[in-house]
Every structure is written in structure tokens, then in C-alpha cells.
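Please find below my note on the structure you asked me to look through. I have written it as numbered points, so that each can be read beside the picture.

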Amino acid sequence: WTVLTIETSIPFTGHRIDPPSRSVDTTRKELLSFFRDMARMRRMEISADSLYKAKLIRGFCHLYDGQEAVAIGMEAAITKRDSIITAYRDHCTFLGRGGTLVEVFSELMGRRSGCSKGKGGSMHFYKKEAGFYGGHGIVGAQVPLGCGLAFAQKYSKDETVTFALYGDGAANQGQLFEALNISALWDLPVILVCENNHYGMGTAEWRASKSPAYYKRGDYVPGLKVDGMDVLAVKQACKFAKEHVLKNGPIILEMDTYRYHGHSMSDPGSTYRTRDEISGVRQERDPIERVRKLILTYEMACASELKDIEKEIRKEVDEAIRQAKESPMPDPFELFTNVYVKGYGVEALGADRKEVKAFLP
Amino acid sequence: WTVLTIETSIPFTGHRIDPPSRSVDTTRKELLSFFRDMARMRRMEISADSLYKAKLIRGFCHLYDGQEAVAIGMEAAITKRDSIITAYRDHCTFLGRGGTLVEVFSELMGRRSGCSKGKGGSMHFYKKEAGFYGGHGIVGAQVPLGCGLAFAQKYSKDETVTFALYGDGAANQGQLFEALNISALWDLPVILVCENNHYGMGTAEWRASKSPAYYKRGDYVPGLKVDGMDVLAVKQACKFAKEHVLKNGPIILEMDTYRYHGHSMSDPGSTYRTRDEISGVRQERDPIERVRKLILTYEMACASELKDIEKEIRKEVDEAIRQAKESPMPDPFELFTNVYVKGYGVEALGADRKEVKAFLP
Amino acid sequence: HEVLLFEALREGLEEEMDRDPRVCIMGEDVGHYGGSYKVTKGLAEKYGDLRVLDTPIAENSFTGMGIGAAMMGLRPVVEGMNMGFLLLAFNQISNNCGMLHYTSGGQFTIPIVIRGPGGVGRQLGAEHSQRLESYFQSIPGLQMVACSTPYNAKGLMKAAIRSENPVVLFEHVLLYNLKERIPDEDYICCLEEAEMVRPGEQVTILTYSRMRYHVMQAAKTLVNKGYDPEVIDIRSLKPFDLYRIGNSVKKTHRVLIVEECMRTGGIGASLRAAIIDNFWDYLDAPVMCLSSQDVPTPYAGTLEDWTVVQPAQIVAAVEQLCQ
Amino acid sequence: HEVLLFEALREGLEEEMDRDPRVCIMGEDVGHYGGSYKVTKGLAEKYGDLRVLDTPIAENSFTGMGIGAAMMGLRPVVEGMNMGFLLLAFNQISNNCGMLHYTSGGQFTIPIVIRGPGGVGRQLGAEHSQRLESYFQSIPGLQMVACSTPYNAKGLMKAAIRSENPVVLFEHVLLYNLKERIPDEDYICCLEEAEMVRPGEQVTILTYSRMRYHVMQAAKTLVNKGYDPEVIDIRSLKPFDLYRIGNSVKKTHRVLIVEECMRTGGIGASLRAAIIDNFWDYLDAPVMCLSSQDVPTPYAGTLEDWTVVQPAQIVAAVEQLCQ
Ligand SMILES: Cc1ncc(C[n+]2csc(CCOP(=O)(O)OP(=O)(O)O)c2C)c(N)n1
Ligand SMILES: Cc1ncc(C[n+]2csc(CCOP(=O)(O)OP(=O)(O)O)c2C)c(N)n1
Ligand SMILES: [Mg+2]
Ligand SMILES: [Mg+2]
């Protein structure tokens with residue numbers, strides 16, 4: 001069994017493009033790593049929920065559980081030389097790019113060892129050396145940045161591409177249409193990935209979009225609708241998209257996905273959708289369960305081996321939280337670093353360029 | 001000959017909609033008034049050009065000659081209870097709504113009797129009582145306003161509609177896509193009119209738009225492509241559109257038109273397009289000449305009668321300029337009026353709410 | 001009756017919607033969801049989808065649409081789910097809210113209210129801790145008010161809706177749950193008036209919004225130490241109520257401004273300038289101003305606290321001023 | 001060699017593009033058309049379409065794309081055809097130019113330059129006469145400079161491009177045709193330094209951009225009247241060069257600020273605050289500030305003139321200060 005060919009859950013739907021085949025190549029190793037990586041993400045998000053309830057995490061905290069297949073499938077199709085940029089629901093994307101659990105939990109708790117030194121918080125994870133460009137709090141504003149990354153890639157003739165992720169709510173922001181037009185004019189290697197989890201905060205997609213067929217919203221730009229709960233479909237689509245954009249300029253991928261949690265921690269997530277809807281998705285479309293089933297069906301591992309993996313992950317996550325808790329709070333002087341780049345002999349430029357005039361209580 | 005049926009120059013092209021018939025009803029009276037009104041606009045713009053060269057007009061001055069059929073055809077299809085909003089190329093739209101030549105020239109020369117008291121200038125003509133909402137200097141920003149007007153119309157159950165005009169360059173502004181989506185969601189009676197004169201300043205349409213088929217750019221919103229040089233086609237399209245939007249929500253009309261002048265007075269208008277292109281349009285598609293030909297073909301008037309009309313217009317325009325020149329410059333205190341609405345016992349609120357502290361030299 | 005601040009805002013909205021059928025509300029999740037800070041809760045049910053409008057996430061254009069509707073005579077109240085998002089609508093707010101009355105030579109008025117939560121607090125991070133009053137203050141034609149108590153929140157909301165001018169009403173994320181007994185009768189607060197919070201003789205402390213509470217905390221300490229500060233909530237951020245402010249300065253001859261804006265380009269800078277221009281001769285000491293640090297708001301709680309002015313700094317500043 | 005100011009800017013761009021292949025230019029009509037004020041004329045021909053990019057009219061997103069490109073190491077120079085249009089890009093400029101370095105804990109720098117014409121002049125009307133320095137000054141992490149001569153225009157352009165920080169370079173519609181002899185050799189101007197225009201003993205006049213010329217006109221009259229003003233072009237609008245400014249204040253003990261911003265929320269207000277905070281003890285008179293009126297810029301020429309500070313007002317203010 002080296003290479004195995006598996007059908008995606010449903011066919012891809014194309015807009016102005018012939019969709020790729022439903023048959024996806026994979027291996028035992030890959031499927032097991034998908035399982036492990038998605039389960040780790042799931043566990044991480046659920047622990048973040050507990051930490052939030054324990055008031056160790058404050059402010060915004062947008063969880064990704066339910067959507068793991070998008071991050072994982074995408075990574076399987078590209079390399080770290082390709083770029084990813086997303087919005088505030090960014091913990092798992094960061095992890096997918098090779099970020100560590102300790103960095104995640106530290107940042108979430110505002111500690112010094114956080115990936116942004118505790119200054120960014122939940123919405124501001126980045127990993128420059130692995131091509132992760134954040135982590136952005138303003139809905140839609142990351143998409144022009146992403147197109148700019150793709151411009152830089154084209155400029156330096158890198159043959160790499162950028163995946164710019166946004167939600168179904170964000171899909172109605174004007175800057176997306178602007179940036180898409182420019183990217184199409186300039187033939188940029190950018191993939192716009194709409195993670196359609198069907199709600200933008202409390203607003204259902206059809207209440208915010210006259211046309212919720214997001215893969216078609218690029219109009220003159222080709223698009224592909226993908227089952228975002230099927231990690232193999234995501235992988236297939238991202239591979240296809242990467243090749244496409246290097247040759248032909250932008251494409252839109254709409255990932256049909258679902259968030260189990262409420263929008264952020266203050267949203268119970270159940271006033272604008274039914275509990276039945278949520279549990280229905282959990283039962284029928286859960287991305288981790290789908291992979292578990294595949295692994296069991298093809299007898300790549302037995303149920304208890306998978307349980308063991310999950311137990312290991314649990315330990316790994318707990319250990320990371322323990323470490324993160326030990327990380328100290330940022331030094332007071334960090335308030336003033338990184339406002340400006342060093343180079344004037346000062347950390348931060350105040351009214352007086354020679355020196356910071358800040359007195360802390 | 002009361003009612004006459006004339007074919008439009010070319011058929012309409014529809015996007016997600018069946019286009020209206022090419023046969024347009026008109027009358028001798030209407031055609032003669034079209035001729036007179038368009039000729040008056042043409043003469044007005046050409047005189048503005050001279051006044052600019054004589055330095056009586058300063059700043060921006062965007063002329064509409066070549067595009068007259070759009071303003072006139074639109075007015076023929078609607079009433080003054082319907083609303084119009086446009087960008088900075090607004091002199092003729094104002095005239096079409098019933099504004100006077102004296103108000104136009106006075107505003108252009110910054111005089112007290114200007115339609116905006118000399119404070120707005122070329123880009124800021126308005127006529128509230130006739131449903132003209134300006135006259136706006138920021139490309140594209142008038143379109144959300146226009147959709148808001150349509151919202152107010154729907155809100156007050158007026159059965160009236162709004163025409164929101166913008167250019168081919170403006171068609172790439174994100175706010176259009178945003179406002180169109182909202183208007184479609186709310187079923188607003190708004191007609192987005194793209195006056196495609198094929199250039200946004202020095203940039204040809206295809207260099208700024210990946211898809212210069214502007215009538216299709218609404219994607220899920222229906223559109224109609226119209227020969228904007230044929231006043232009867234414009235009339236037909238606007239009538240059709242008005243009926244459509246009252247029942248079904250927004251539509252886009254793309255008017256294929258042409259500006260003879262450069263973008264503004266500092267642009268000779270000949271570096272990014274050929275003189276042949278310009279003279280070709282003048283010879284083959286000029287909106288006034290088309291109507292002249294119709295009138296002569298159908299023997300509704302003879303050539304010399306039309307010449308007489310043009311002579312009258314010339315006099316009328318010269319007389320308006322004379323009157324405008326007599327209008328005084330604004331009073332110095334006008335600097336402070338209309339910043340805030342009266343009601344605090346002050347004209348303008350300065351740092352001190354009790355009184356304006358402004359000393360003029 | 002006793003209400004929380006967000007309920008006071010809602011009462012204001014509701015009363016004005018009852019009073020004037022032209023008043024409508026637009027914003028993200030203001031309808032079915034009831035507003036992310038519950039300011040519009042229940043209003044969609046009561047007034048229907050045409051008067052309480054859920055919008056897509058498209059700040060620039062729904063603000064523009066509000067302005068358009070206002071040009072035609074409606075009185076829209078536009079919510080920025082968080083004030084910071086209105087940076088996307090800056091052009092509409094500046095050019096059309098602020099200047100259209102002028103460029104049209106007075107033909108059009110823009111009776112719109114733009115409101116929403118802002119300020120530093122709850123560790124919301126850089127983008128969600130904006131103090132847009134510093135960005136907006138230069139816009140001619142705009143009025144700006146900041147509420148700080150349930151009483152003035154309701155009164156200012158009602159006055160803002162009735163005003164023919166475009167008004168930005170600043171709310172603060174940390175103040176929505178303040179409780180206060182407010183009158184049962186109809187009342188409004190004058191948009192252009194400052195509020196005397198604590199009369200005193202020795203030094204004038206000018207503040208607004210959440211910093212009012214840091215100031216009052218400091219005032220307690222100061223009183224215990226034998227000082228007698230006068231505390232004024234300026235409320236109107238543009239224009240300033242120089243009448244009330246001036247009277248205080250003429251009495252105390254010492255001024256401390258405490259703001260949450262960053263020091264560069266903040267309200268404090270403009271207020272200080274206005275005081276110097278108008279009351280220089282009455283001053284016995286330099287006008288002092290305590291502002292937030294000139295940094296993006298960090299997430300970590302400790303750093304966030306250090307970003308804004310703390311009561312101890314206010315105490316120290318007053319002691320220095322009164323030396 | 002002798003150049004006009006717009007040519008000096010172009011030289012700066014060209015030299016930096018020669019020097020560093022990462023430098024590119026984006027904006028409306030900057031390529032084929034050569035820029036509406038000719039600042040980029042000829043560069044598209046020389047460097048090609050990948051380095052000199054004509055964009056659609058989509059300020060918000062092409063600015064965002066410039067920032068994205070900068071995150072990856074390019075050094076984009078983004079032109080606002082008129083600075084006022086960048087109100088549409090305010091969110092990108094504030095949140096991403098200004099704060100991304102911070103929110104990423106220093107991982108990313110944004111070495112972008114944003115430039116274009118602004119200011120009052122040529123009767124361009126309300127929207128095209130913005131002075132965005134007042135709107136932008138509160139943005140943490142942004143540097144702002146204003147050029148006023150061909151010499152400093154070129155030097156600041158080059159320095160801005162080389163800076164790792166995001167820099168906004170303000171040009172003025174009325175100054176593009178100023179002529180001056182500038183060095184043939186490579187030079188840059190320090191971004192954070194003020195420029196001594198006229199040394200003097202009696203009063204410090206702080207100004208920048210076009211107002212520098214109104215001040216110098218006034219200075220002539222003042223000298224004839226026997227005054228000896230020191231004129232400093234502050235150039236760096238954020239941060240202020242308090243070193244040079246301070247030295248002058250310590251010498252003259254009197255300060256007049258002359259700005260083109262509106263008085264509410266202008267650069268002058270912040271500068272005045274900084275001077276009071278730092279040099280109060282050296283002041284013999286209240287710091288005065290002359291600003292534009294708090295009104296949208298009217299079209300009519302006479303009204304436009306009255307909007308901005310005129311030399312006669314400067315003369316009068318100095319006479320009052322030196323009484
Ligand atoms: C410009 C802007 N407007 C509003 C918000 C508040 N907000 C944060 S997330 C969100 C919903 C976005 O929904 P979607 O794009 O579908 O992404 P999802 O949260 O479902 O992943 C809103 C309205 C914001 N952060 N930025
Ligand atoms: C937001 C904004 N960007 C740029 C400009 C400068 N500008 C004025 S008109 C124009 C071209 C617009 O072209 P188009 O929409 O086709 O209208 P036309 O002038 O052809 O009528 C540009 C770039 C502006 N006024 N506003
Ligand atoms: Mg969503
Ligand atoms: Mg055009």
C-alpha cells in the first residue's frame with residue numbers, strides 16, 4: 001500500500017474552469033499525519049476554550065474547531081515557501097505552518113514566549129520564516145495584503161504562491177473585489193480561499209450575500225467549490241489551484257466548512273442556528289471522523305491506536321499549557337519596542353526623538 | 001405624425017435579463033427638444049472651456065461633451081421625483097434636471113449666484129428640489145450615497161427610483177460592489193449607470209478592469225448594455241430599468257459613450273488615445289448629429305431651422321455668461337456658513353461654541 | 001428607574017424611533033442578533049426590518065448609504081460594531097458627513113448619528129482599541145460627543161438623533177454595564193455642553209468617557225490628601241464647551257487634562273491649544289495633559305494597563321500642578 | 001544642477017530604483033501617463049511594468065497590496081494621486097502600516113513610502129485640499145515628513161525609501177514647480193530632522209510645507225520692521241525634532257507655529273503640546289499658533305485665500321508676541 005486513491009466526498013463544482021478529478025492520491029503515512037495534526041488542532045482549540053473560561057485568556061478568541069481540514073489539506077498541497085495569510089481565526093493555521101503549541105498558548109495568555117511576544121494576542125499570530133503572514137483583526141483587510149504578497153512573489157520570480165483566506169462574511173468587503181481585479185490584471189499567483197462556515201458572526205450567509213455562491217463571486221475569475229470538511233478534497237483543490245495560478249493568475253476556492261464554536265467566546269453560537277444543525281454536521285461531516293473512518297476502513301491502524309494518538313496529543317497539549325503558564329508576562333519596556341524599527345538609537349519615538357519620555361506607574 | 005417608432009442604433013445586450021425592444025416611440029416634439037437640450041449642453045461645455053482658458057474658471061473642470069445623450073435620454077424616461085446622483089462630470093446632469101445656465105457659470109466662476117454659492121465649484125452642483133443629489137469629487141463614493149437615496153425612497157414607499165452614475169474607472173472601486181450587494185439584498189430601486197467613456201483619466205478601460213463588460217460586473221445583478229450615444233436607446237433603457245428596479249431591485253446599465261475633451265482641463269486628452277479615434281467617434285456616433293439626421297430624415301424641421309436653434313442657444317449661453325460675470329464673489333463671512341447647520345445661535349462652531357473666533361486679513 | 005448604560009442607549013433609540021418615523025438603524029448584527037453590545041436588542045422585533053437593518057460587513061458603503069438616506073431626510077443611526085471598523089468608512093465620514101452641507105452651499109443637511117464602542121479595555125488588541133476621536137476631530141462639520149453615564153448616554157443619544165448635524169457618539173467598551181437611576185420623563189442632554197462632575201476650587205481636571213472614572217478614583221485620593229479638584233467631563237469633543245471650561249479655569253487657574261487618546265494628535269492637544277488661546281492670562285501653571293502612550297494597544301493585560309493613564313499618575317500630576 | 005521640485009522627487013525615485021531592485025512604484029496613472037504631477041514621468045519606460053505599476057482606482061487595496069509586498073521585503077512607493085484619496089485607505093494605513101510591526105512582536109517591518117500632493121491651493125475644492133497630516137498623526141508606528149524645497153524633496157524621498165519604517169511623504173500641490181540648484185552627488189536628508197531656514201534671535205517661527213513661503217514673506221516684512229525672527233521648517237511631522245526646536249526656543253523664548261492644517265486636531269496642536277511639555281520654563285509668552293480655518297476648503301478663490309494663513313497675519317502675530 002504505498003499510494004492509495006480515494007474519492008472525494010462529492011465532486012468539485014467549477015466556475016469558468018474544469019474542476020480537478022475526484023480521485024485523490026494519498027498514503028497511510030499521510031492519512032495518519034492528517035489524523036494526528038487535525039486532532040492536535042481540535043484539542044488545542046478546546047483547551048483554549050477552557051483557558052478562556054478560567055480567565056487566563058482574555059479579549060477575543062476565535063476558535064477553529066470544525067474547520068481543521070482546510071488548514072491541513074492546504075498544507076499538504078504546498079510548501080513553506082508558499083505564503084498563507086488569514087484573518088483572526090488563526091491558531092490552527094499557525095500550527096499548520098509549524099508553529100508550536102507553547103507559542104500558541106503563550107500568546108493567548110499574553111506571555112513573553114508567545115509568537116508575538118504577547119503583544120498581538122489571539123488574532124495576531126505570524127511565522128515569517130514559514131511563510132505565515134498573520135493573523136489579522138479587520139475583516140477582509142488581509143486579502144489585499146495577500147495579493148501584495150503574491151505580487152512580491154511574482155516580482156522576485158519565486159514560482160511560489162499565496163493563499164489568502166477569508167470568511168463568508170468577509171466576502172462582501174469591497175476591498176476583495178478591488179484586490180481581485182488588480183491581481184487578475186497583473187496575473188498574480190494568488191488563491192483566494194473563502195472559508196464558508198455559513199455564518200459571519202450572527203448573520204447567516206444568505207442574509208449578508210445576495211449570492212452566497214462564493215466560488216462564483218469573482219465573476220470573471222475562475223472558482224472552485226470544495227467540500228472543506230474533506231481534507232483530501234482540500235488537498236486536491238489546493239494543488240490544482242497552485243498550478244493554475246502560477247500559469248493563469250488568480251482563482252477562488254470556496255471551502256464549504258463549519259465552525260462548531262460560537263463566533264468568539266462571547267457568542268454561545270446557538271441563537272442564530274439550531275443545535276440540530278451543529279450536531280448534524282458533527283455527526284455527518286466532521287473532518288477528523290472522516291479520516292478516522294478512512295484509516296479504519298483501509299485498516300491502516302486500529303481504533304485503539306488512534307485513541308492512543310489522541311491520548312498523546314492530550315498530554316502534549318497539557319504540557320504546552322504548563323510551559324506557557326510558566327512564561328512570564330512581557331517586560332514593561334516591551335510597551336515601547338516594535339513601535340518603530342530601531343535605528344535612531346531609540347526604542348520608540350515619542351515627541352522627542354532623542355529619548356522615550358514614558359513614565360510607568 | 002404624433003408618435004413615431006424608431007429603431008435604436010444597435011440592439012441592447014442583456015445580462016441575466018431579456019433586453020427591451022429596439023423600437024422606441026418618440027415624437028417630433030421630443031426629438032426637437034432632444035436636439036435643443038443636447039446642443040445647449042454642448043455649447044455650455046465649450047464655453048466653459050473658453051472661460052477656463054481665460055482663467056475665469058479654475059481648479060478642476062470636467063466637461064461632458066460627447067456624453068450628452070446619457071443625461072438627456074435618462075431625463076426623458078423619468079420625472080424629477082426620481083433621483084440622480086453622479087460624480088464630478090456634473091454640469092450637464094444639473095442642466096438636465098432643470099438647473100439654469102446662470103447657476104452653472106456662476107458656480108464655475110465661484111460667484112455668489114452659483115448653485116452652491118461658489119463654495120462647491122465644478123464638481124459640486126446640486127438641485128435638491130429637482131432630485132439632483134450632486135456632484136461628487138471622490139471617484140465611486142457617490143454610489144453608496146445613491147443606494148442610500150434609493151433606500152430612503154423605498155422607506156417612504158415613494159415608488160420613485162435613483163439613478164447612480166459612475167465611470168468605467170470608478171467601476172473598480174470596492175464600494176460599488178458592497179453597495180450593490182446591499183441594494184440587492186434590500187431590493188432597492190436603484191439603477192447603477194456606468195457611463196463607459198472608455199478611459200479613466202489616462203487609463204484605458206482594459207488596463208484598469210480585467211473585465212470591461214461593465215453591464216456584467218454586477219455578477220448576480222442583471223445588466224444591460226446600451227449605446228449611450230443614441231439618446232433614444234438611453235431613453236428606452238432607462239424606462240425599462242425604472243420599471244425593473246421598482247419590481248425586482250437593482251440593475252446595471254452600461255452606457256457606451258465617449259468624452260471628446262480631455263479628462264479635466266490639464267489633460268490634453270490625446271496622449272493615451274489617438275486623434276483618429278476621437279474624430280472617428282465625432283463623425284460616426286455623435287449624439288447630436290444623430291438626432292439632427294433623424295429630424296432631417298423625417299423632415300420634422302429643415303437644416304436652417306436647426307441652425308437657428310443653435311444660434312439661439314449660442315445667444316442664450318453668452319447671455320448667461322454675461323449675467324454670471326456680474327454676480328459678485330461670495331461674501332467673506334460665507335467662509336463660515338454651512339459648516340454646521342444653524343441652531344446654536346452661531347454660524348460655525350469654532351473652539352468656542354458661543355462665537356466664531358475668526359479674523360480675516 | 002435604574003438602567004445599565006447600554007439599556008439607557010437603547011431607551012434613547014427607542015424613544016426617538018417612537019417619536020419620529022424617519023429614525024432608522026443600520027449596522028452589522030444590530031437586528032436579529034440585537035447588537036454585539038445589546039444596544040439595539042429587541043428593536044428589530046418592534047420596528048421591523050425596514051427600520052432596523054442588518055448589513056453585510058461593508059462599513060464604507062453602509063455608512064455611505066446612511067448618508068444618502070440622510071440627504072433625503074431620513075435620520076439614520078449607523079452603528080460601528082466597533083468604532084475602529086469605521087476607519088474603512090473614513091472617506092464617507094470625512095467628505096460626505098462632514099463637508100456635504102458646505103459644498104452644497106447649505107442645500108443638504110446630513111442628520112446622521114454614527115455611534116459605537118471604542119477605547120482601550122478588555123484586552124481587545126490593537127485594531128479594536130482605537131480612539132477614533134483623535135482621527136475624526138479635524139473633520140469640519142462633524143460634531144463629536146462621548147457618553148460616560150447612563151444618564152448622559154441616553155440624553156446625548158436623543159439629542160444626537162434630533163440634531164441636523166452629523167454627530168459621532170462615542171461609547172466605551174468598559175462602560176456599558178454602568179448602572180444609574182435616570183428620570184422616567186423625556187429629557188435630552190445638550191450636545192455642546194460639558195458636565196460638572198465635582199465642583200472644586202484648586203485645579204480643573206478635564207476628562208471624558210472612561211477616564212472620568214480614573215479621574216474620580218484619583219479625586220478620592222486627592223481629597224483625602226487635602227486637595228479640592230474640580231472635575232469636568234467635557235462630553236462634547238468637538239466643539240469644546242469653552243464657556244464652562246473657561247469659568248472653571250478662571251476659578252482654579254490650573255488645568256490638568258486626562259484623556260485616553262494617544263498624546264500625539266489627541267483631543268487633549270486640541271483642548272490644550274484652545275485653553276491657551278482663550279485663557280492664557282488666567283493660568284498660574286502650564287496646562288498639563290496625561291494621555292495614553294503613543295503605541296498600538298498591546299494584547300497582554302499588564303501592557304494594556306500601562307498604555308492608558310492610571311489614577312496614581314493623575315494624583316501625582318495634580319500634586320505637581322498644585323505645588 | 002537646477003531642478004524643479006517634481007523633478008527632484010523623480011530623481012530621488014530614480015536613484016533609489018537604480019540602487020535597490022526591490023524599490024517599485026504603484027499608483028493611478030503613475031506609469032504610462034507619468035503621474036498627474038509628472039513625478040514618475042519616464043520611469044515606466046525605464047523600469048518596465050513590473051516596477052512601475054498603473055493601478056485601477058482602488059486606493060484601499062493597492063495600498064494594502066503595497067503593504068503586503070513590503071511584508072515580503074519589497075520597498076514599494078505608493079502614490080496617492082491626491083493625498084485626499086487615501087482616506088479610502090485609512091484602515092490599511094492605520095492598522096497595517098502603523099501597527100503590524102508591533103502586533104507581530106517585531107517580526108515584520110513595513111518599509112513602504114506613501115506619498116502624494118496635498119494641501120490647499122489651485123481652487124481644487126473641498127475633497128482635493130485635504131491636509132491628511134492631521135488625520136494621520138495619531139497613527140502609532142508611522143513617520144511623517146513634509147518636503148518644501150527641491151533639495152529636501154529629493155533628500156527626504158531617498159531617506160524615506162531607505163527607511164525600514166512606513167513613511168508618509170507629504171508634497172504640496174503649489175510647490176511642484178519650485179526651482180533650486182541641488183548637489184550632483186548622492187545625498188539624503190535625515191527624516192527626523194528639522195531644517196533651519198533663517199536663524200534669528202527674537203522669536204521662533206515653526207512651519208512646514210507651503211506655509212514656509214508665507215512665513216518667509218512675512219519674515220521679509222518683519223526684518224524691514226526691525227524684527228529678527230528665526231524660521232524653522234520642522235519637516236518631520238512625526239516625530240518632532242524637539243532637539244532643534246528646543247534649542248531655538250531656549251534662545252528666543254517665544255514661539256509662533258504656522259501651519260496649513262485646520263486648527264482643530266492639527267499638527268500645530270500637537271507641536272504646541274510638545275513644546276509646553278518640554279520647554280515651558282523657557283517660554284516668555286504663550287506659544288501662538290496660526291492655522292487654517294475649521295472649514296471645508298471652498299472653491300471660490302477669495303474664500304480659499306481666507307481659509308489659509310496669510311503673511312499679514314503672521315506679521316501681526318509676531319508683533320503681538322514680541323510686544
Ligand atoms: C471591518 C470589520 N468589520 C467588522 C468586524 C467584526 N467582526 C469580526 S469577525 C466578523 C464576522 C466575520 O465573518 P466571516 O468572514 O464569515 O468569518 P468567520 O468568523 O466565520 O470565520 C465580524 C463582523 C471586523 N473585525 N472588521
Ligand atoms: C478615490 C479617487 N481616486 C482618484 C481620483 C482622481 N480621479 C478623478 S477622475 C478619475 C478617473 C475616473 O474615471 P471614470 O470613472 O472612468 O470617469 P470619467 O472621468 O471617465 O467620467 C480619477 C482617477 C478621485 N477623484 N477619487
Ligand atoms: Mg463565516
Ligand atoms: Mg471614464
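Predicted model: local features only at pLDDT ≥ 70, side-chain atom pairs only at ≥ 80, totals over all residues.

1. Two packed helices are described by the angle between their axes and the distance between the axes. As for the sense of the crossing, α6(A) passes α6(B) in a right-handed manner. The contact is formed by Gly174(A), Gln175(A), Phe177(A) and Glu178(A) on the α6(A) side, and by Gly174(B), Gln175(B), Phe177(B) and Glu178(B) on the α6(B) side. Sorted by class, the residues of this contact comprise two nonpolar, four polar and two charged.

2. A second pair of helices lies within chain C, where the axes of helix α1 (residues 5-19) and helix α7 (residues 150-162) come within 8 Å and cross at roughly 30°. Because angles under 35 degrees count as roughly parallel, α1(C) is roughly parallel to α7(C). The crossing of α1(C) and α7(C) is right-handed. From α1(C), the contact draws on Leu5(C), Ala8(C), Leu9(C), Glu11(C), Gly12(C), Leu13(C), Glu15(C) and Glu16(C), while α7(C) contributes Pro150(C), Ala153(C), Lys154(C), Met157(C), Lys158(C) and Ile161(C). Among the residues of the contact of α1(C) with α7(C), eight are nonpolar, one is polar and five are charged.

3. How are the domains of chain C arranged? The domain assignment divides chain C into domain 1 (2-181) and domain 2 (195-321), and the centres of these two domains of chain C, taken over C-alpha atoms, are separated by 26 Å. Their contact involves 21 residues from domain 1 of chain C and 25 residues from domain 2 of chain C. On the domain 1 side, the elements of chain C that give two or more residues are α6, β6 (143-146) and β7 (167-172), and β6(C) gives the most, with four residues. By class, this side of domain 1 of chain C holds nine nonpolar, 10 polar and two charged residues.

4. Chain A also has an assignment into two parts, with domain 1 covering 4-330 and domain 2 covering 332-361. The C-alpha centres of domain 1 and domain 2 of chain A lie 36 Å apart.

5. Turning to contacts between chains, the one between chains A and D takes 38 residues from chain A and 44 residues from chain D. On the side of chain A that touches chain D, α5 (142-155) and α6 of chain A are the elements that give two or more residues, and α5(A) gives the most, with nine residues. This side of chain A is made up of 19 nonpolar, 12 polar and seven charged residues.

6. The contact between chains C and D takes 34 residues from chain C and 34 residues from chain D. On the side of chain C, at least two residues each are supplied by α4 (90-98), α5 (100-103), α6 (132-136) and α10 (267-279), with α10(C) giving the most, at five residues. The side of chain C that touches chain D has 18 nonpolar, 12 polar and four charged residues.

7. Which residues come nearest to ligand 1? Of the 20 residues around ligand 1, the nearest are Val139(A), Gly167(A), Gly169(A), Ala170(A) and Gly200(A). Residues from chains A and C surround ligand 1, so the site is shared between chains. Within chain A, β5 (162-167) and β7 (199-200) each supply at least two residues of the shell around ligand 1, and this shell has 10 nonpolar, six polar and four charged residues.

8. Ligand 2 is likewise surrounded by 20 residues, of which Val139(B), Gly167(B), Gly169(B), Ala170(B) and Gly200(B) are the closest. Since the residues around ligand 2 come from chains B and D, the site is shared between chains. Strands β5 (162-167) and β7 (199-200) of chain B each supply at least two residues of the shell around ligand 2, which divides into 10 nonpolar, six polar and four charged residues.

Note on methods. Residues numbered from 1 in each chain as written. Chains lettered and ligands numbered in written order. Left-handed = near helix turned anticlockwise from the far one by under 90°. Contact = placed C-beta atoms within 7 Å. Nonpolar A, V, L, I, M, F, W, Y, C, P; charged D, E, K, R; others polar. Near = placed C-beta within 6 Å. Domains from an automatic or database assignment. Axes fitted to C-alpha atoms, helices over the stretch in contact; angles between N-to-C directions. Parallel < 35°, antiparallel > 145°, perpendicular 65-115°, else oblique.
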